[in-house]
Protein chains: 2
Amino acid sequence: MSRKFLRPAMMAFASLAIAAGLAQADEGMWLFNALPKKQLKERYGFDATDEWTHHLMRSCVRFPGGSGSFVSPEGLVITNHHVGSEFIDQLSTAEHNYIKDGFSAKTRAEELKCPDLELNNLVSIEDVTARVTGSVKEGMDLAASQKARQATINTIEKEAQDKTKLKCQVVTLYQGAQYHLYSYKRYTDVRLVMAPEMQIAFFGGDPDNFEYPRYCLDFCVFRVYEDDKPVKPEHFLKWGKDLKEEDLVFIAGHPARTNRLNTVAHLEYMRDIAVPEILELLRRLEVALNSWSGRSPENGRRAKDDLFGIQNSRKARTGGLETLQSPEFMDAKMEFEKEFRSKIAANPGLKSTEAAFHEVAEACKAWEAVRHDYNNLERGAAFESKMFHFARSLVRYADEIGKPNADRLKDFSESNLPTIRDGLEAPVPVYPDLEIIKLRSSLTRWFTSVGADDPLLKKVLDGASPVERAAALVNGSRLHEADYRKELLEGGPEKIRASQDPLLKLARIVDEKARQARKTYETQVEERLRQAYSKIAAARLALGGEDVYPDATFSLRLSFGPVASFEENGQKVQPFTHFAGLYKRWELNDRKEPFDLPKRWIEARDKLNLETPFNFVSKLDHIGGNSGSPIVDREGRIVGLLFDSNIYGLALDVGYTDKQCRAVSVDARAIVESLKKVYGAQALVDEMTN
Amino acid sequence: MSRKFLRPAMMAFASLAIAAGLAQADEGMWLFNALPKKQLKERYGFDATDEWTHHLMRSCVRFPGGSGSFVSPEGLVITNHHVGSEFIDQLSTAEHNYIKDGFSAKTRAEELKCPDLELNNLVSIEDVTARVTGSVKEGMDLAASQKARQATINTIEKEAQDKTKLKCQVVTLYQGAQYHLYSYKRYTDVRLVMAPEMQIAFFGGDPDNFEYPRYCLDFCVFRVYEDDKPVKPEHFLKWGKDLKEEDLVFIAGHPARTNRLNTVAHLEYMRDIAVPEILELLRRLEVALNSWSGRSPENGRRAKDDLFGIQNSRKARTGGLETLQSPEFMDAKMEFEKEFRSKIAANPGLKSTEAAFHEVAEACKAWEAVRHDYNNLERGAAFESKMFHFARSLVRYADEIGKPNADRLKDFSESNLPTIRDGLEAPVPVYPDLEIIKLRSSLTRWFTSVGADDPLLKKVLDGASPVERAAALVNGSRLHEADYRKELLEGGPEKIRASQDPLLKLARIVDEKARQARKTYETQVEERLRQAYSKIAAARLALGGEDVYPDATFSLRLSFGPVASFEENGQKVQPFTHFAGLYKRWELNDRKEPFDLPKRWIEARDKLNLETPFNFVSKLDHIGGNSGSPIVDREGRIVGLLFDSNIYGLALDVGYTDKQCRAVSVDARAIVESLKKVYGAQALVDEMTN
């Protein structure tokens with residue numbers, strides 16, 4: 001419950017793969033158009049045929065922040081509960097709490113349409129490196145090269161979109177050494193079919209998160225519609241057979257971001273500045289929401305999804321920081337960098353790469369300088385709330401759509417506009433009381449960050465304290481109403497600019513400084529890093545050959561490795577858990593939250609085959625964003641869903657080791673056993689398994 | 001549940017009392033030897049006779065971090081559950097969890113002796129201002145004056161102690177304008193008689209903390225012994241009769257610290273540096289302990305007392321920061337300071353006071369510069385754990401006892417040594433697993449604070465990561481064994497210095513730098529503030545007369561005010577809650593934690609008079625440390641126990657307002673009703689009420 005879009009990184013770090021710097025063991029999040037076929041053949045005797053690969057790729061879907069796959073000819077999609085929970089939550093009310101009570105549609109008519117869920121199904125990949133890099137000319141400064149490249153990317157996307165009617169995105173690979181155009185079929189009518197209770201999906205809650213052994217039934221099922229009818233996908237995954245220790249498995253999913261190619265200076269910046277700051281922010285929100293949640297069951301329901309995401313990121317980042325603070329890890333990185341740089345120095349064709357390491361360090365300094373304004377104003381950490389983000393989108397929408405596509409901010413390019421519009425118009429629930437709690441906490445933090453005399457702070461607070469101001473802003477705004485947002489959007493720029501809604505006014509007040517910070521970040525940090533890393537990555541490719549895969553970028557990747565135990569405190573931890581263990585853990589913890597079980601599960605105990613596997617661990621390389629990814633066997637049949645890492649796997653952000661790191665998955669047999677015997681959903685089982 | 005030793009401060013601040021800067025309405029935490037008799041007479045027609053005052057003073061006891069009082073001729077002492085909980089927790093084990101299940105001794109033989117609880121009963125107060133201030137001569141620099149004053153204080157205390165055999169402490173009043181010698185009878189054989197379950201004592205947990213209406217049975221009862229027999233105190237409080245809205249009441253207790261006389265520069269330092277930093281530290285520990293607690297019921301038991309204290313302080317400090325960030329509050333403080341300084345400027349006798357405001361600002365700058373080393377190394381924030389604090393005490397004990405009393409660190413002066421020795425030898429439970437969690441979190445934080453290349457950090461980590469090092473330090477140490485600590489203490493300095501215990505080695509490694517930081521703090525911050533504030537306070541006294549009381553200093557004080565409702569969101573909040581409301585809140589919250597009720601309470605519902613008052617609010621001025629203070633009526637009879645503030649009362653650290661601030665107390669009738677009908681403790685009721 002945790003591999004949803006976060007950037008995790010841990011102790012007991014085995015230095016092998018890091019020191020080598022190249023893919024070893026079962027390391028790698030591989031591109032579908034550049035699979036390590038030779039490695040697979042040599043190590044596992046497996047032929048990754050074009051047919052096998054294409055079928056798997058086309059069966060996968062991308063969720064917001066996670067992964068999933070088609071599993072029936074009638075458009076069923078399976079993912080993790082914690083990937084789907086945001087959308088299940090949006091369907092819930094004080095009266096119908098599908099997060100707490102679960103949901104199961106008996107008929108297609110009962111399936112519930114999600115107000116704001118878009119799935120993307122990858123159709124094709126095209127290498128556009130030459131065109132993108134060709135747009136940057138010798139002698140351009142950072143601002144000019146950033147502008148030229150962004151314009152080219154926006155144009156490529158728009159052209160492809162006009163031609164194919166697909167959603168087209170240029171993905172930056174190897175930190176800028178390569179660019180590929182990914183074209184997706186976009187699905188926006190997605191309906192909830194089945195979700196277990198969060199209690200069993202996230203059994204053990206935050207205390208058990210990232211731990212193993214585990215007992216989480218972390219899945220849920222949606223159905224994709226088009227023209228009000230279930231889609232019939234060309235490709236979907238068949239249900240798998242038995243799985244056992246040492247079997248080779250694969251995951252196809254969307255790892256969001258890794259930092260494995262980072263230089264030491266960049267890792268130090270993460271260790272000393274970036275990760276401590278994000279942790280401070282996460283803990284602050286966690287404490288505020290925990291305390292507020294406890295005031296009533298309805299508060300708890302309203303904050304639950306936010307709280308899950310925050311606690312999950314906090315635990316992952318804590319593990320990440322622990323890795324970065326480990327001398328064993330950092331020494332290995334330094335050693336590798338030293339060797340790598342001496343190889344570069346020895347290679348006349350790579351001379352220009354030497355300066356790139358210095359450039360990365362300089363970019364990190366620029367990052368440190370701009371980070372407060374960038375994080376607080378541009379990324380919105382000072383105004384944490386859904387309503388501010390609506391306000392920001394509306395204000396920017398009004399300003400951006402009048403510009404030529406090539407000149408727009410990336411999020412408002414033609415290829416992204418449909419998603420922006422859908423997001424603004426979606427009738428998702430927004431709770432002003434919860435909005436106030438988040439906004440006051442973040443305004444308080446911003447106050448400390450900039451000091452009482454900051455002119456922009458003063459303008460925003462308008463003579464009030466952060467606590468008073470947060471209440472006034474939210475209570476005075478109508479942006480929690482989807483109808484009002486739609487009205488503004490349909491009214492166009494003039495109408496948006498004329499609105500006196502206090503949150504829109506706030507978004508306008510901060511926009512100038514926010515845009516400045518963004519521009520500084522995009523040129524002095526992002527562009528500088530891109531230029532430097534593209535040289536470093538090119539040197540890696542030149543020196544390391546085909547064994548170098550690009551860092552994760554929330555694009556579709558394949559990893560492989562066997563189901564495997566690991567050692568902890570000198571003991572072997574078995575790879576599979578079973579239903580019997582779930583009930584044991586429930587009893588040992590006094591049957592209390594977060595180890596309580598839904599009533600259905602208590603009643604079904606005697607009917608269940610308690611020897612059914614529940615969760616399992618494997619050596620699959622993975623990271624946040626891989627949540628919900630199908631685990632498939634050699635025949636491409638689904639045998640489980642990845643949902644978590646064990647605690648050692650939190651190191652994977654910055655380096656791979658298979659000593660103790662493991663991916664944690666729900667076994668497909670647990671899904672079938674519980675659908676049949678706990679939820680009485682035989683029809684669903686039949687559709688997925690036949 | 002919350003007025004235990006913390007420094008709280010809130011929105012909707014009424015500027016009246018602050019702007020005037022002088023005691024108004026029912027403001028004031030008054031010295032027992034300087035009560036506002038005239039005010040009491042004029043406003044309430046009440047004669048605070050010497051007899052009434054002396055009886056009340058001698059009936060009070062000071063707990064570690066809180067307050068209490070004698071309530072029977074056989075030595076019964078009553079206080080808050082949350083003041084006693086640390087000691088109840090020390091008596092608990094995995095098998096006998098008195099925090100969770102409560103405790104009730106049926107006979108005196110069953111009363112449980114606390115391993116580490118010392119109570120202080122104030123016997124006399126003597127003004128020693130002339131002797132203390134006389135030791136500081138013209139022309140001394142900060143270090144010399146600090147040394148001279150500290151030596152004189154140590155000497156005064158030792159002389160008094162030798163003469164009276166009492167525990168004698170010089171209390172600094174008006175920030176250094178006055179010094180009084182407080183002499184206490186010291187009780188070290190204190191036994192637990194009765195404690196309700198924490199669930200009812202702290203009903204509503206952190207979410208309800210500092211809120212009102214409330215339903216907390218926040219009391220517990222100890223008995224004081226001497227020579228294995230119950231003491232027969234000369235003075236004890238009789239049990240009170242009915243209490244109603246508008247009745248005048250008093251509290252006598254030990255408010256720990258207020259900052260009401262602080263200058264604006266000092267308040268800004270608190271707002272911008274000190275309070276945000278302590279909050280960051282508290283939230284970090286809260287999140288780490290919360291997550292670890294959840295892993296098993298036994299983890300939860302072990303961490304519960306720490307977690308309560310942390311959450312309580314975090315909520316109080318959050319409110320405090322909100323006050324400091326309120327322009328209404330700060331503008332009022334600035335306005336007052338401007339007027340006050342213009343009066344000073346106009347008064348030729350106060351000319352030398354003008355520079356004092358600048359000196360306070362300079363001291364705050366010095367504080368900012370030394371704060372990391374002072375907090376991390378000297379106050380131990382980098383090594384958060386009981387075992388490090390034992391190690392620190394042992395190392396310092398070995399070094400200090402060889403010095404003349406006058407030259408020692410204050411905590412090791414002759415008057416404090418018995419408490420230090422008892423604390424080291426007490427067989428309190430220490431849980432290495434919990435120690436590791438706290439230590440790793442604080443080492444991780446220190447790493448970020450000083451950076452990876454800090455020489456002391458490198459020495460402390462010894463090549464390991466903070467996570468690895470915390471485990472090695474705790475697992476390699478024997479300081480969790482009381483017998484080992486006693487052995488070292490009895491072996492004396494040589495034995496302590498020879499020990500190779502890794503935590504003792506750690507304490508030695510950091511001691512030089514810790515002492516340096518302490519010295520800088522004591523001279524450049526504390527002494528500088530003392531000298532400046534003693535001038536400012538003297539000017540206040542000169543200009544304000546008898547209406548100025550000293551800031552709280554954990555010495556005995558009296559406050560007064562009526563039982564009174566308050567307004568919230570335009571609604572009147574009634575001053576009393578009742579048993580019926582408790583059951584209603586339980587049901588509305590699905591009977592779930594933290595709103596669950598102990599089994600006894602569910603069963604007793606029908607027997608109870610549901611109209612019995614449970615908690616009430618009054619205008620009594622109060623702060624952390626006042627927890628457990630008896631609330632008495634005009635006849636000096638106990639009618640309740642103060643245990644909390646409402647949310648508005650978190651402003652009281654820095655200024656008084658009675659607009660919405662209220663003290664929250666358990667009604668004495670709730671204690672009697674539940675002792676009789678829930679706990680079947682009629683004998684205890686008879687002893688306390690007859």
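1. Helices here are DSSP runs of H or I with at least four residues, strands are E runs of at least two, and both are numbered from the N terminus. By that naming, B:Pro213 sits in the loop between α9 (205-208) and β11 (220-226) of chain B. The peptide bond joining B:Tyr212 to B:Pro213 is cis, with omega about 5°. The model is predicted.

2. B:Pro594 is in the loop between α21 (579-588) and α22 (599-604) of chain B. Most peptide bonds are trans, and most residues other than glycine have a negative phi.

3. Chain A has a backbone point to check as well. A:Asp228 is not a glycine, yet its phi is positive, about 65°. The residue lies in the loop between β11 and β12 (229-230) of chain A.

4. Now the chain pair. How many residues of chain A are in contact with chain B? The count is 46 residues of chain A, against 47 residues of chain B. The size of an interface is often given as the accessible area lost when the parts come together. Between chain A and chain B the buried area is about 3800 Å². Carbon and sulfur atoms give 52% of that area. Three residues, A:Arg283, A:Arg295 and A:Gln325, supply 18% of what chain A buries against chain B.

5. Symmetry comes next. Two copies of a chain are related by a rotation about an axis and a shift along it. The same surface serves both copies, since 100% of the contact residues of chain A recur in chain B.

6. Charge pairing across the interface. Side chains of opposite charge can pair when their charged atoms come close. There are 10 salt bridges between chain A and chain B. One pairs A:Glu280 with B:Arg283, with the closest N and O atoms 3.6 Å apart. A:Glu211 and B:Arg295 also meet through their side chains, at 3.8 Å from N to O. This pair crosses between chains and links two loops. A:Glu211 is in the loop between α9 and β11 (220-226) of chain A. B:Arg295 is in the loop between α10 (264-293) and α11 (297-324) of chain B. Over all chains, the structure holds 147 salt bridges.

7. Between chain A and chain B, 14 residue pairs are in polar contact, both residues at pLDDT 80 or more. Several helices of chain A each supply at least two residues of the side that touches chain B, among them α12 (327-346), α16 (432-450) and α18 (466-476). The largest share of this side comes from α10(A), with 10 residues. By class, the side of chain A that touches chain B has 15 nonpolar, 11 polar and 20 charged residues.

8. Within chain A, the domain assignment gives three entries. Domain 1 covers 16-118 + 188-342 + 558-689, domain 2 covers 123-183, and domain 3 covers 385-527. The C-alpha centres of domain 1 and domain 2 of chain A are 31 Å apart. Each of these two domains brings 9 residues to their contact.

9. The boundary between domain 1 and domain 2 of chain A buries about 740 Å², of which carbon and sulfur atoms give 53%. Which residues of domain 1 of chain A lose the most area to domain 2 of chain A? They are A:Leu31, A:Asn33 and A:Leu261, together 49% of what that side buries.

10. The residues on the domain 1 side divide into 4 nonpolar, 2 polar and 3 charged. Elsewhere on the list of pairs to inspect, A:Lys167 and A:Glu118 form a salt bridge, 2.6 Å from N to O.

Methods: Residues numbered from 1 in each chain as written. Chains lettered and ligands numbered in written order. Predicted model: local features only at pLDDT ≥ 70, side-chain atom pairs only at ≥ 80, totals over all residues. Heavy atoms only, no water. Contact = heavy atoms within 4.5 Å. Buried area = accessible area lost by both parts, 1.4 Å probe. Salt bridge = Lys/Arg side-chain N within 4 Å of Asp/Glu carboxyl O. Polar contact = N/O pair within 3.5 Å; in protein donor to acceptor, adjacent residues only side chain to side chain. Nonpolar A, V, L, I, M, F, W, Y, C, P; charged D, E, K, R; others polar. Domains from an automatic or database assignment.
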